[in-house]
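Trainee: I'd like to learn how to read a protein model. Could we go through one together, one question at a time?

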Amino acid sequence: MDGKHNYNDSPVYAPFFGVMGCTAAIIFSCLGAAYGTAKSGTGIAAMAIMKPELIMKSIIPVVMAGIIAIYGLVVAVLIAGRLDVPPKYSLYEGFMHLGAGLAVGFSGLAAGLSIGIVGDSGVRGTAQQPRLFVGMILILIFAEVLGLYGLIVAVFLYAH
């Protein structure tokens, strides 16, 4: 070539990056959701020994952790729907989809870790001091929005 790059050229490995973005979106967001569910669930189990009437009220962190997995699922399905064989799928598109998957995946992982830790301590503390409940919910919302930020960035990258 004469120093110019033809962006219409699409190598055979271009879809690999899109597939990895799809994979990263679902795996990392589900890892975060699973940790948040498990960690909050152990707190609920410990709290339920003292106050079983608070079980349903304390399930909120588990629900919020599950929403994190939905963010990853949405992005993974969007990316998977756009995957195609070269030259219809460019390397640029593959890189953008990889970035989108990593953005939602890692932010979902971080949000899930945060929700799990706050949910565990929060439901245990709420059993001893009911006024802690509102504070726990606010902190959980701030943790959840971290995953939402990743979803927003991922959708922008996906749409490029």
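What follows is a chat about this model, going from the whole chain to single residues.

Mentor: Before you start, this is a predicted model, in which local features need pLDDT of at least 70, side-chain atom pairs count only at pLDDT 80 or more, and totals for chains, interfaces and linings use all residues. Residues are numbered from 1 along each chain as its sequence is written, and side-chain values use heavy atoms, with hydrogens and water left out.

Trainee: Okay! In what order do the elements run from the N terminus on?

Mentor: Helices here are DSSP runs of H or I with at least four residues, strands are runs of E with at least two, and both are numbered from the N terminus. The protein has four helices and zero strands. Read from the N terminus, the order is α-α-α-α.

Trainee: What radius of gyration does the protein have?

Mentor: That radius is taken over C-alpha atoms, and the globule rule is 2.2 Å times the number of residues to the power 0.38. The C-alpha atoms fill a box of roughly 75 × 20 × 20 Å along the principal axes. A compact globule of 160 residues would come out near 15 Å, but this protein has 20 Å.

Trainee: What share of the contacts with a separation of 6 or more comes from residues 24 or more positions apart?

Mentor: A contact means heavy atoms within 4.5 Å. Take the contacts with a separation of 6 or more, and ask how many join residues 24 or more positions apart: the share is 84%.

Trainee: Which residues does the UniProt annotation "transmembrane region" cover?

Mentor: UniProt positions are in the numbering used here, feature names are shortened, and annotations may be inferred rather than shown by experiment. In the model, residues 12–38 are 93% helix, with end C-alpha atoms 41 Å apart, and residues 132–159 are 100% helix, with ends 41 Å apart. The annotation, from an unreviewed entry, covers 12–38, 59–83, 95–120 and 132–159.

Trainee: And where does UniProt place "domain: V-ATPase proteolipid subunit C-like"?

Mentor: This also comes from an unreviewed entry, and it has two spans. The record places the feature at residues 20–79 and 98–157.

Trainee: Now single residues. Is Gly112 buried or exposed?

Mentor: Buried means under 20% relative accessible area, exposed over 50%, and partly exposed in between, with a 1.4 Å probe and protein chains only. Gly112 is found in helix α3, and leaving out residues up to four places away in sequence, Gly112 touches Gly32, Ala33, Tyr35 and Gly36. The C-alpha atoms of Gly112 and Ala33 are 5.0 Å apart, though 79 residues separate the two along the chain. Because its relative accessible area is 0%, Gly112 counts as buried.

Trainee: Is Glu53 buried or exposed?

Mentor: Glu53 is in the loop between α1 (14–50) and α2. Its C-alpha atom is 9.8 Å from that of Ala127, 74 residues away along the chain. Since its relative accessibility is 60%, Glu53 is exposed.

Trainee: Last one: is Tyr89 buried or exposed?

Mentor: Tyr89 is in the loop between α2 and α3. Beyond neighbours within four places in sequence, Tyr89 is in contact with residues including Ser10, Pro15, Arg82 and His97. Because the relative accessible area of Tyr89 is 0%, the word for this residue is buried.
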